[in-house]
Amino acid sequence: MTALDQLIEALRRLPGVGQKSAQRMAYHLLQHDRAGADALARALQEAARNVGHCERCHTFSETPLCPICQDRHRDARLLCVVESPADQAAMERTASYFGYYFVLQGRISPLDGVSTREIGAAQLLERAADGQVEEVILATSFTAEGEATAHVLAEALRARGLRSTRLARGVPVGSELEYVDLGTIAHALVDRRST
Ligand SMILES: [Zn+2]
């Protein structure tokens with residue numbers, strides 16, 4: 001395989017990128033932006049080497065504890081559960097949530113063989129039982145799988161005597177949190193309901 005073919009193959013691993021877009025990206029970088037190609041290669045290598053997961057909330061982090069978990073001014077009584085670092089970022093951009101987070105490794109999807117174990121439910125239950133958390137806010141997406149995930153987690157939390165709430169129904173059905181506008185998320189947060 002030529003170097004060009006290898007580059008196209010590598011680009012095709014990205015979500016939503018097919019053969020044609022991969023080719024277009026590769027040609028663009030090689031024809032018009034060699035400096036950009038170098039920068040991209042370096043950034044990828046750096047990130048792949050240095051970005052790990054926060055040992056407390058499991059979001060991406062370059063230090064054992066992420067900056068949010070290190071922030072002592074947050075409200076330790078609130079723990080917000082999201083599906084991905086992207087959803088966590090959306091939540092942060094609303095500037096209306098001041099508790100801590102737990103970032104799942106996706107959501108339950110029986111058809112794809114993704115169970116509570118794969119998404120890190122056990123770690124969540126352990127994290128939520130730290131004696132300080134009083135409310136677990138389930139901010140999984142409003143897709144069928146996100147709802148199922150919230151339901152299973154709510155049951156598991158209840159079984160351990162932990163209270164959970166769910167974002168209110170202002171968020172359109174079928175939505176991924178990261179694509180919902182910030183005002184809607186902020187309202188859904190304020191109007192959250194008991195599970
Ligand atoms: Zn963290």
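Guide: Helix 5 and helix 9 are roughly perpendicular to each other, since their axes cross at roughly 85°. Please keep in mind that this is a predicted model.

Visitor: Within what distance do the axes of helix 5 and helix 9 come?
Guide: The axes come within 9 Å, with helix 5 covering residues 85-93 and helix 9 covering residues 182-190.

Visitor: Which residues make the contact?
Guide: Helix 5 contributes Ala90, Met91 and Arg93, while helix 9 contributes Leu182, Ile185 and Leu189. Of these residues, five are nonpolar, none is polar and one is charged.

Visitor: What about Gln88: buried or exposed?
Guide: Gln88, a residue of helix 5, counts as buried because its relative accessibility is 5%, and the cut-off for buried is under 20%. Beyond neighbours within four places in sequence, Gln88 is in contact with Thr59, Ile68, Val82, Tyr101 and Val103.

Visitor: Let us turn to the metal. Which residues coordinate the zinc ion?
Guide: The zinc ion is coordinated by the SG atoms of Cys54, Cys57, Cys66 and Cys69, at 2.3 to 2.4 Å. Their spacing in sequence is C-x2-C-x8-C-x2-C.

Visitor: Where do Cys57 and Cys69 lie?
Guide: Cys57 lies in the loop between strand 1 (52-53) and strand 2 (60-61), and Cys69 lies in helix 4 (residues 67-70), twelve residues apart. Cys57 is buried, at 1% relative accessible area, and Cys69 also counts as buried, at 7%.

Visitor: Why is the arrangement around the zinc ion tetrahedral?
Guide: The arrangement is tetrahedral because the four donor atoms subtend angles of 106 to 117°.

How values were computed. Residues numbered from 1 in each chain as written. Predicted model: local features only at pLDDT ≥ 70, side-chain atom pairs only at ≥ 80, totals over all residues. Heavy atoms only, no water. Axes fitted to C-alpha atoms, helices over the stretch in contact; angles between N-to-C directions. Helix = DSSP H or I, 4+ residues; strand = E, 2+ residues; numbered from the N terminus. Parallel < 35°, antiparallel > 145°, perpendicular 65-115°, else oblique. Contact = heavy atoms within 4.5 Å. Nonpolar A, V, L, I, M, F, W, Y, C, P; charged D, E, K, R; others polar. Buried < 20%, exposed > 50% of the residue type's maximum accessible area, 1.4 Å probe, protein only. Donors = N, O, S within 2.8 Å, 3.2 Å for Na, K, Ca; no water. Tetrahedral: all angles 85-135°; square planar, octahedral: opposite > 155°, others 65-115°.
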